[in-house]
Amino acid sequence: MIRDITLGQYYPADSVLHRLDPRVKLIGTLVYIVSLFLFKSWGYILGTLFLGAAILISKVPFKFMVKGLKAILVLLVITLFFNMIFTPGEVLIKLGIISITKEGLILAGRMGLRLVYLIMGSSIMTLTTTPNQLTDALERLMNPLNKIRVPVHEIAMMMSIALRFIPILLEETDKIMKAQIARGADFENGNLIKKVKNMVPLLVPLFVSAFRRANDLALAMEARCYHGGTGRTQMKPLRYGGRDYAALAVLFIYLGISIAIRVVLGW
């Protein structure tokens, strides 16, 4: 399960999406997320086609994308269940005090599909963009906020470090879990309370390791005289190219169609 989490990881490949400017990919992810909240029913067909085309162009294996959904399986089931039983409407199934309605099933399907597409759409951005590129893109896009004294560089740096730590902490968790299993720990069997208690031998060394890595990183940054973004230059400055402008045009056409589907057709 730990190795199934793909969000925050980078998948090296030679594709059009990998070569796009990271600012375009950030804008594209935001546009796609906005479009998912515009759709009501048939509009999700457009979202599916757009996501499928992005996965195909990215050259990231579809199995690798789907594997990342295992980490949110519990959240997905809980979301579907509560939407089905707490949405009022025409009752289809009644089991004691629990009633499943037609409107609840429709809403549950819509919310489940939206959650899956949100995770997959966000994963495409991180799988095709290195943490350094994401940092540079965030800093450039948020640069106007410097005028009101928002610490843009520091915010971008923190987000980049957080993304870098995701695969590191996942690997560390996997190592600790295997070590604890070798010592007789059981993370699978037992009731909920027992499982929570069994997680203590895993969480304590994980937190200790995370704080130690954070302290080592802080010492390394101080040793290299890091003092924020003032006066710093980029080794690879971001510049828009022809394919970036073409991608932005496709994104805004997609957003325009999504708005038209919602406003005009009500889908």
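**Entry 1: Tyrosine 32 and tyrosine 254**

I looked up the burial of two tyrosines and found that both tyrosine 32 and tyrosine 254 are buried. Buried means under 20% relative accessible area, exposed means over 50%, and partly exposed lies in between (1.4 Å probe, protein chains only). The model is predicted: local features need pLDDT of at least 70, side-chain atom pairs count only at pLDDT 80 or more, and totals for chains, interfaces and linings use all residues. I note also that residues are numbered from 1 along each chain as its sequence is written, and that side-chain values use heavy atoms, with hydrogens and water left out.

**Entry 2: Aromatic pairs**

I searched the whole structure for aromatic pairs and recorded nine. Rings of Phe, Tyr and Trp (its six-membered ring) pair if their centres lie within 6.5 Å; planes under 30 degrees apart count as stacked, over 60 as edge-to-face and the rest as tilted. Tyrosine 32 belongs to helix α2 (residues 22-38) and phenylalanine 50 to helix α3 (residues 43-58), 18 residues apart. Helices (H or I, at least four residues) and strands (E, at least two) are DSSP runs, numbered from the N terminus.

I then checked accessibility: tyrosine 32 has a relative accessible area of 4%, whereas phenylalanine 50, at 22%, is partly exposed.

Tyrosine 32 also pairs with tyrosine 254; their centres are 6.3 Å apart and their planes at 25°, so this pair is stacked. Tyrosine 254 lies in helix α11 (residues 242-265), so the pair with tyrosine 32 in helix α2 ties together parts 222 residues apart in sequence. I recorded Tyr32, Phe50 and Tyr254 as a cluster linked by ring pairs.

**Entry 3: A charge over a ring**

I found the charged end of arginine 23 over the ring of tyrosine 240, 4.0 Å from its centre. The criterion is NZ of Lys or CZ of Arg within 6 Å of the ring centre and within 35 degrees of the ring normal.

**Entry 4: The whole protein**

I counted eleven helices and two strands in the secondary structure. The C-alpha trace spans about 65 × 60 × 40 Å along its principal axes. Of the 267 residues, 35% count as buried. Of the contacts (heavy atoms within 4.5 Å) with a separation of 6 or more, 75% join residues 24 or more positions apart.
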